[in-house]
Structures are given as C-alpha cells and as structure tokens.
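Colleague: I would like to learn how to read a model of this kind, one feature at a time. Please give me the general idea before each case.

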Amino acid sequence: MNYSWPGNVRELRTAVEHAVVLCRGEKIGARDLPPSVRGVSSGRKSDEKTFPQNDLTVKEAENN
C-alpha cells in the first residue's frame, strides 16, 4: 500500500507475476512480493511492521 510504484503498469504486472510464482499457498502474501516492493534491501529480512500478518486472497485484494 505504501509503495509509490515509480515504474508503470509493467512493474505492477511483474510484481504480481513474481508473487504468483513464489506463493506458497492459495493466498498471496506480502512475503511473496519482490523485495523492492516490500521495501527490503538485499541484506535485510522482510520488515514485518510494514505489512500486516493476515494475507488476502486475490479476490479480497481486488475488492479493496
């Protein structure tokens, strides 16, 4: 939600494709997004304060 998307719709598409490929279950979570979108540098673990713990289904995310 806080990412400014400095690229364009292609960057969004790439991020969604990345999340779909890395998704470990039926729900895409913040951990599935590319590190650049999560605000994580290559040397840090994901920042749990940035993203809520509950994951959304794709349909729930589309409705928000």
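Colleague: Where is Asp32 found?

Modeller: Asp32 is found in the loop between H1 and helix H2 (35-38). Helices (H or I, at least four residues) and strands (E, at least two) are DSSP runs, numbered from the N terminus. This is a predicted model, in which local features need pLDDT of at least 70 and side-chain atom pairs count only at pLDDT 80 or more, while totals for chains, interfaces and linings use all residues. Residues are numbered from 1 along each chain as its sequence is written, and side-chain values use heavy atoms, with hydrogens and water left out.

Colleague: Is Asp32 buried or exposed?

Modeller: The term buried means under 20% relative accessible area, exposed means over 50%, and partly exposed lies in between (1.4 Å probe, protein chains only). Asp32 has a relative accessible area of 1%, so it is buried.

Colleague: Which residues does Asp32 touch, not counting those up to four places away in sequence?

Modeller: A contact means heavy atoms within 4.5 Å. With that exclusion of residues up to four places away, Asp32 touches His18, Ala19, Leu22, Cys23, Arg24 and Lys27. There is also a polar contact, defined as a pair of N or O atoms within 3.5 Å; within protein, one must be able to donate a hydrogen and the other to accept it, and residues adjacent in sequence count only if both atoms are side-chain atoms. Here the side chain of Asp32 reaches the backbone nitrogen of Gly29 at 2.8 Å.

Colleague: How many salt bridges does a search of the whole structure find?

Modeller: Side chains of opposite charge can pair when their charged atoms come close. The rule asks for a side-chain nitrogen of Lys or Arg within 4 Å of a carboxyl oxygen of Asp or Glu. The search of the whole structure finds 2 salt bridges. In one of them Arg31 pairs with Asp32, the closest N and O atoms being 4.0 Å apart. Arg31 is partly exposed at 40% relative accessible area.

Colleague: And what separates the closest N and O atoms of Glu17 and Arg13?

Modeller: Those atoms are 3.0 Å apart, and Glu17 forms a salt bridge with Arg13. An α-helix has 3.6 residues a turn, so residues three or four places apart point the same way. Both Glu17 and Arg13 lie in helix H1, 4 residues apart, about one turn of the helix. Glu17 is partly exposed at 40%, whereas Arg13 counts as exposed at 57% relative accessibility.

Colleague: What span does helix H1 have?

Modeller: The expected span of a helix is 1.5 Å times one less than its number of residues. H1 (residues 9-22) has 14 residues and reaches 20 Å from its first C-alpha to its last, close to the 20 Å expected. At its start, a side-chain oxygen of Asn8 comes to within 2.9 Å of the backbone nitrogen of Arg10.

Colleague: How many aromatic pairs are there?

Modeller: A pair of aromatic rings is described by the distance of the centres and the angle of the planes. Rings of Phe, Tyr and Trp (its six-membered ring) pair if their centres lie within 6.5 Å; planes under 30 degrees apart count as stacked, over 60 as edge-to-face and the rest as tilted. The count comes to 1 aromatic pair. The rings of Tyr3 and Trp5 have centres 4.7 Å apart and planes at 90°, so this pair is edge-to-face.
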